[in-house]
Amino acid sequence: MQITRNSIDSATGPSEWFTGVVHVDTVATPAAASRLSASSVHFTPSARTAWHTHPNGQTIYVTEGIGRCQRRGGPIEVIRPGDRVFFEPGEHHWHGAAPNRFMTHLAMLDVDDDGNNATWGEHVTDEEYHAARAT
Ligand code: MN
């Protein structure tokens, strides 16, 4: 048993991977046989990930606020607390806050054999982000 106390500073989401201000709190770190990586990700209004994929897919579970997500070629979807989204392995997608709302989600995935959790691509442009019919 290992207890990690609530004493770790939130990390800032790196600008290569995010647009806008995002804070990340680690929930689970892969160790030994466990491949589970989980974090609580806090997006400020309009903040979002870049386009990316996950080698073994990813589940996000919205805990607060209102968010948006999109898979490549699909519509922008509005997501709310209690909603969960599974992104398929290798599926290009992004997720983030709505334009005028904060959003927090739990993000859960299994890393691959090399410990990788994601492959990152280009940023989601303002044009792509605002292509949503606002809800
Ligand atoms: Mn993702």
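These legends go with close-up views of a predicted model.

Some ground rules: the model is predicted, so local features need pLDDT of at least 70 and side-chain atom pairs count only at pLDDT 80 or more, while totals for chains, interfaces and linings use all residues. Numbering starts from 1 along each chain as its sequence is written, and side-chain values use heavy atoms, with hydrogens and water left out.

View 1. Six strands line up in the order E1-E3-E4-E12-E7-E10, with antiparallel pairing. Strands here are DSSP E runs of at least two residues, numbered from the N terminus, and two of them pair if DSSP finds at least two bridges between them. E1 (11-12) and E10 (84-87) sit at the edges with a single partner strand each, so one side of each has no neighbour in the sheet. E10 pairs with E7 (residues 58-65) in the antiparallel sense over 4 bridges; look for Thr59, whose bridge partner in E10 is Phe86.

View 2. (Buried is under 20% relative accessible area, exposed over 50% and partly exposed in between, with a 1.4 Å probe and protein chains only.)

**View 3. The nonpolar cores.** The largest nonpolar core has 15 residues, and Val22, Val41, Phe43, Ile60, Ile79, Val85 and Met103 have the most contacts inside it. E3 (22-28), E4 (36-43), E7, E10 and E12 (103-110) each supply at least two of its residues. Apart from this core lies another, of 5 residues, including Trp51, Ile76, Trp94 and Val124. A nonpolar core is a set of buried Ala, Val, Leu, Ile, Met, Phe, Trp, Tyr and Cys residues joined through side-chain atoms within 4.5 Å.

**View 4. Val21 in its loop.** Val21 is in the loop between E2 (18-19) and E3, and is partly exposed at 44% relative accessible area. Leaving aside neighbours within four places in sequence, Val21 is in contact (heavy atoms within 4.5 Å) with His42, Phe43, Thr44 and Ala47. For orientation, the C-alpha atoms of Val21 and His52 are separated by 18 Å, with the two residues 31 apart along the chain.
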